[in-house]
Amino acid sequence: MRTCRRTHLGILGVVAAALLLAVAWSAPAPAAARYTLSVDVDYASATYEGIASVSYTNDTPEALSELFFRLYPNAATLYAGSSAEVLSARVGDVPTDTALFVDDTVLMVALPETLLPAQTATVTLTFRGRASLRLEQNPPLTGEYGILTRTPHTLVLTSFYPLLAPYLEEGWALDPVCGIGDALFSEASPYDVTIRIDRRVTPIATGFLVDATPDGDAVVYRYAADQARDFSVVLTDDGRVPLRAAQDGVALRIWFQPGHDVAAARAVERAVAAVRLYTSLIGPLPYDEVDLVEAPLQHVGGVELTGLVLLSDTYTAAPYDVFFDILVSHELAHEWFYAAVGNDPVESPWLDEGLVTYLSNVFLAASSPDIAAAERDRWARAASQAAGTHPELSPISPLYGFPDSATYSALAYSGAAAGFHALRTEFGDAAFFTALSEYYRATLFTIAAPLDLRRAFEAACGCDVDGILFPRSTSP
């Protein structure tokens, strides 16, 4: 029995009915939360401490007596070997109580006064944490992705600070961290971050660099980001420098290890082509910079973050393998569907994973149609086999329904991608890509739901779209 089923907060007295409003990409709704982070990182020990100040405006219809933050580093899977601790909390100038739930991955912060709709409160949390030390682990910990990990020349810091949980129709989303899929789930928010690190270390971070100030043996870097789902940083001491390119107003920087020049050049070429294609089919990316970073991941080929793509060094070692093209184009597609348009990775993981899997196939088909067709055939076989073994599951099942990563991949990735191809085949290119473009435009910077995508397809084709992805029996 899996233990990552969604947590409902009736037991905590929290009941909600928030509306998710679609907005045009040119006029996003104001962010509910604004983050100001100040972090001091000890690269050698892979530890950090900091202060997170989160200004939150209650955009729900409910009066709130508490706020909930995620402490993902405490999860026993995905972040295995890492930890995070909140040392103190205050709301405004008033110290307040906290409590931990859901295997210490959820922090409840009590509000001294009820926060009414449209009112704002500022929560300040002092925290500290530690990344997994793969330097000391042989073999690496089971279930550790490498997304909060120190290796010989790299420190990857993602989801390392207290992150405000999203507030959805049923209340706060406080899912346990499953051993598969993605855990990071957040609203798009502005960030102002200062991070102090050893001067011999190079940071590669979310957002754009505002300034860098020497401070003894360290440097204090300041970054700013608007409408980011996360703030993440990769620190390296191997002397890597980026290859640079630009496409459709997006500055691309490829940070591969020294000596991996062929792979880096191939990644530049594929990234430029992918941005060009996705911009033409879907719409412009609302981020000025995207960094692609070679990282010591395990159990995954890549990881999507806001303006930051991690690519496993296992696969960058084979830059002319077809999977390299799929990996680069898949993770870049996530900048459109994960970062720009969010979705619930627990209840509807297919909504981004199936879609970007299909978009990477569209990218592959532009240069290698036969290989792309063979990949679609592989999807069909994998999905059919998984459905035969697990008839209770489908491509649109929630994450906690899948018994293992192979079944999850076969259905939420391959099966859902096959469903998107079926829609395109049935309605034609014009209606299909019009629907995706409108879905993107209407839900930019929000947390989208399957109903949003269904509406976009039905508007584009003027018909019902019942089928693999939108069964008639599925409620909105």
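The second largest pocket of this predicted model has a lining of 34 residues, with His299, Val300, Gly301, Ser409 and Tyr413 nearest its centre. A pocket is here an open set of points on a 1 Å grid over the protein atoms alone, where a 1.4 Å probe fits and protein lies on both sides within 12 Å along at least five of seven lines; lining residues have an atom within 4 Å of a point. Two or more lining residues come from each of strand S23 (302-305), helix H3 (322-333), helix H4 (350-367), helix H5 (369-389) and helix H6 (405-443). Helices (H or I, at least four residues) and strands (E, at least two) are DSSP runs, numbered from the N terminus. The greatest contribution to the lining of the second largest pocket, 6 residues, is made by H6. By residue class, this lining comprises 13 nonpolar, 15 polar and 6 charged residues, where Ala, Val, Leu, Ile, Met, Phe, Trp, Tyr, Cys and Pro count as nonpolar, Asp, Glu, Lys and Arg as charged, and the others, Gly among them, as polar.

Residues are numbered from 1 along each chain as its sequence is written. The model being predicted, local features need pLDDT of at least 70 and side-chain atom pairs count only at pLDDT 80 or more, while totals for chains, interfaces and linings use all residues; side-chain values use heavy atoms, with hydrogens and water left out.

A search of the whole structure returned 1 disulfide, defined as a pair of cysteine sulfur atoms within 2.5 Å. The disulfide is formed by Cys461 and Cys463, with the sulfur atoms 2.1 Å apart. The link between Cys461 and Cys463 is left-handed, with -100° about the S-S bond. Cys461 is partly exposed because its relative accessibility is 22%, and Cys463 is likewise partly exposed, at 25%. In these terms, buried means under 20% relative accessible area, exposed over 50%, and partly exposed in between (1.4 Å probe, protein chains only).

Strands S20 (residues 243-247) and S21 (residues 250-255) pair in the antiparallel sense over 5 bridges; pairing requires that DSSP find at least two bridges between two strands. Ala245 stands opposite Leu252 in S21. The two strands form a hairpin with 2 residues between them, and Asp248 in the turn has a positive phi of about 50°.

Tyr56 belongs to strand S2 (residues 47-57) and is buried, with a relative accessible area of 3%. Beyond its neighbours within four places in sequence, Tyr56 has contacts (heavy atoms within 4.5 Å) with residues including Ala32, Leu67, Leu115 and Trp172. Tyr56 and Leu67 are separated by 11 residues in sequence and by 9.2 Å in space, C-alpha to C-alpha.
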